[in-house]
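Here are my notes on the model you sent. They are set out as numbered points and follow the structure shown below.

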Amino acid sequence: MSDGTITRADLAESLYKEIGLSRLESADMIESIINYISEALLRGETVKLAGFGTFSLRDKNERIGRNPKTGVVVPITSRRVIIFKPSQVLRERVDSALSPK
Amino acid sequence: MLRSELIDKLHDDNPHLNRKEMERVVAVVFESITQTLEKGARVELRGFGTFSTRKRDARIGRNPRTGASVNVPEKHVPFFRAGKDLKLRVDASKG
């Protein structure tokens, strides 16, 4: 579902409306939050946001992949990926809002 | 990094706002994301990533201890996909 997609600007708008920060300050605040989370992940830290979820890193080993169409074997190099684990609260809110009763 | 540490950093950058207000700022941001997901919509943060929801179909599960089958109803789960920029930078950061 791509209807109603929101971006940084909408998050900034909610700070402007609900906290009363200026529009510029609201936009800066969203940028700072995103940057601090990114920087922590780049330092290899786990980011735990109580009530929302946890971003962590996982190092994957190199493995042999295969192009599913051609069957050609290609090596997949070792890499570090970001994992997001939603909190129990977020899971419950999303599920109760979207799943039929 | 914990939520409280994020609030501390933002507070250091913006000393004209008190810590209580900064707690509200962080709460409002994550509440907005949560409410968007509750509507079944997405939050796209360029360079960082996208929050969305995914549907898990109903299935017949099994109690692993007794082997009894149980109906597991349809579920919707929050999902995050890292953006291209962050993905590449995180991978490049591995030692």
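**Notes on the predicted model**

1. In this predicted model, strand 1 (residues 47–49) of chain A pairs with strand 2 (residues 53–60) of chain A in the antiparallel sense, over 3 bridges. Across this pairing, A:Lys48 stands opposite A:Thr54 in strand 2 of chain A. The hairpin of strand 1 and strand 2 of chain A has 3 residues between the strands, and A:Gly51 takes a positive phi there, near 85 degrees.

2. Strand 2 of chain A also pairs with strand 5 (residues 79–86) of chain A, in the antiparallel sense and over 8 bridges. Here A:Phe55 stands opposite A:Phe84 in strand 5 of chain A.

3. As for the two chains together, 50 residues of chain B are in contact with 52 residues of chain A. Chain B and chain A bury about 4700 Å² between them, with 68% of it on carbon and sulfur atoms.

4. The rule finds 2 salt bridges across the interface of chain B and chain A. A:Arg93 forms a salt bridge with B:Glu31, and their closest N and O atoms are 2.8 Å apart.

5. Helix 2 of chain B gives the most, with 15 residues. The residues of this side divide into 24 nonpolar, 11 polar and 15 charged.

Notes: Residues numbered from 1 in each chain as written. Chains lettered and ligands numbered in written order. Predicted model: local features only at pLDDT ≥ 70, side-chain atom pairs only at ≥ 80, totals over all residues. Heavy atoms only, no water. Contact = heavy atoms within 4.5 Å. Buried area = accessible area lost by both parts, 1.4 Å probe. Salt bridge = Lys/Arg side-chain N within 4 Å of Asp/Glu carboxyl O. Helix = DSSP H or I, 4+ residues; strand = E, 2+ residues; numbered from the N terminus. Nonpolar A, V, L, I, M, F, W, Y, C, P; charged D, E, K, R; others polar. Pairing = 2+ DSSP bridges.
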